[in-house]
Amino acid sequence: KTSPESHMARIACILNPNARDGLSLKQWDEFEQALVNSGFDVDLHHTKAPGHAMDIAESLIDADHEMIVAVGGDGTVHEVASGLRGSNKVLGILPIGSGNDYARAHGIPVPKGNKFPDLQGAVDILSNGKDRRVGSFRVEGPSVPEHPAKAAPVPRACNGEPEIPGNLVRWSFLECDAGVTSIVNRMKDEGQFKRIRGQKKYTLLAIKAIIFWNKKRGVYRIDGGESTEVDLSGLFCMSQCQTFGGGYRVAPGAKPTQGHGSLVMAWGLSKPRMLGLMGPLEKGKHVGKWGVTMQDAKRYELDVSDGDPIVVNVDGEAVITTPVILQYHDDQLTVRGAASIPNE
């Protein structure tokens, strides 16, 4: 029972009913009860299709909610963050997706298997966590084509206009990657290894992607420097967070408040080396092995010089293809996280 003086904080929750293969919807009653018990007045919005959470979030910027909470995985967080980007509205996260890496980066407890042992801990952060202002990468390139498993992404007003007409613009808050990892995502969209959750799913998908990888050459530029030609066997990752793919420590030491990207490159790898890199990658011990590099960067350009374009994942979604330009912009979003976050 609340006293007349106490304040019920009004929040909007944007729930992806398909997150974690539908588990988010099944568990919502439990989440809602925990929120109500913590003094929140909850307005619930369900997403109906990919991209819909961007529209919902953007429409709520001027509403009187104290916070907009993304209820889902990294894909839902990406969409809600995109809709709120450029405003002062606070993004909260209740992580119940497959990866949950953006929540991890902000010190928010995440589920283990089908259970959420510290749900109350995640709710407590919404009540009394610390707000941080973070940057984002603007990503522009041609849209991925229509695919039997997934419709082509639709441009959204909240992302702004492309510099090249017909291109797609998205904003990355977690990480962008391409190479063998973009095939992993496509297979995930197709529902391969559907019954397996979390990191194990990404590991099995990666092994399969590496086995079927076809060689191609490309060219990249970092921070407007010289163009470098390279064999695109391997991957690049431009990250503002330490982990992706459900806990793989791809950019060890990275944090969302660092003010630049952490660019990890592992090009020119044989298939046995790509497979051999997976164990070290999981633990964050890959930098320096077989020419794998990591550096600070604010701009990255990538194109394919022979063969088909490669798909670029933005916050875990396969949405853009080469030629692609990633450009860092500071001061884009306010996120509520734990009192202290990893690497801060």
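Helix α6 (residues 180–189) gives the most to the lining of the second largest pocket, with 3 residues.

User: What kind of model is this?
Analyst: It is a predicted model.

User: OK, that second largest pocket. How much space lies in it?
Analyst: About 310 Å³.

User: Which residues line the second largest pocket?
Analyst: Gly179, Ser182, Ile183, Arg186, Phe212, Trp213, Asn214, Lys216, Asp308, Pro309, Ile310 and Val311.

User: And how does the lining of the second largest pocket split by class?
Analyst: It has 6 nonpolar, 3 polar and 3 charged residues.

User: Switching to helices. At what angle do α1 and α5 cross?
Analyst: At roughly 45°. Helix α1 covers residues 19–37 and helix α5 covers residues 119–128. Their axes come within 10 Å.

User: What do we call α1 and α5 relative to each other?
Analyst: Oblique. Angles under 35 degrees count as roughly parallel, and 65 to 115 as roughly perpendicular. The crossing is at roughly 45°, so α1 and α5 are oblique to each other.

User: Is the crossing of α1 past α5 left-handed or right-handed?
Analyst: Right-handed.

User: Which residues meet there, between α1 and α5?
Analyst: From α1, Glu30, Phe31, Ala34 and Leu35. They meet Leu119, Gln120, Val123 and Leu126 in α5. The residues of this contact divide into 6 nonpolar, 1 polar and 1 charged.

User: Now α2 and α3. How far apart are their axes?
Analyst: The axes are 7 Å apart. Helix α2 (residues 52–59) packs on helix α3 (residues 74–84) at an angle of about 35°. α2 passes α3 in a right-handed crossing.

User: Which residues of α2 and α3 meet?
Analyst: α2 brings His52, Ala53, Met54, Ala57 and Glu58. α3 brings His78, Glu79, Val80, Ser82, Gly83 and Leu84.

User: And how do the residues of that α2 and α3 contact divide?
Analyst: Into 5 nonpolar, 4 polar and 2 charged.

User: Backbone next. Is the peptide bond from threonine 322 to proline 323 cis or trans?
Analyst: Cis, with omega near 0°.

User: Where is proline 323?
Analyst: In the loop between β15 (317–321) and β16 (324–337).

User: Last one, aspartate 223. Is its phi positive or negative?
Analyst: Positive, at about 50°, although aspartate 223 is not a glycine.

User: And where does aspartate 223 lie?
Analyst: In a loop too. Aspartate 223 lies between β8 (217–222) and β9 (228–231).

Technical notes
Residues numbered from 1 in each chain as written. Predicted model: local features only at pLDDT ≥ 70, side-chain atom pairs only at ≥ 80, totals over all residues. Heavy atoms only, no water. Axes fitted to C-alpha atoms, helices over the stretch in contact; angles between N-to-C directions. Helix = DSSP H or I, 4+ residues; strand = E, 2+ residues; numbered from the N terminus. Parallel < 35°, antiparallel > 145°, perpendicular 65-115°, else oblique. Left-handed = near helix turned anticlockwise from the far one by under 90°. Contact = heavy atoms within 4.5 Å. Nonpolar A, V, L, I, M, F, W, Y, C, P; charged D, E, K, R; others polar. 1 Å grid on protein atoms, 1.4 Å probe; cavity = no way out; pocket = protein on both sides within 12 Å on 5 of 7 lines; lining within 4 Å. Points joined across faces, edges and corners; volume = space filled by probe spheres on them.
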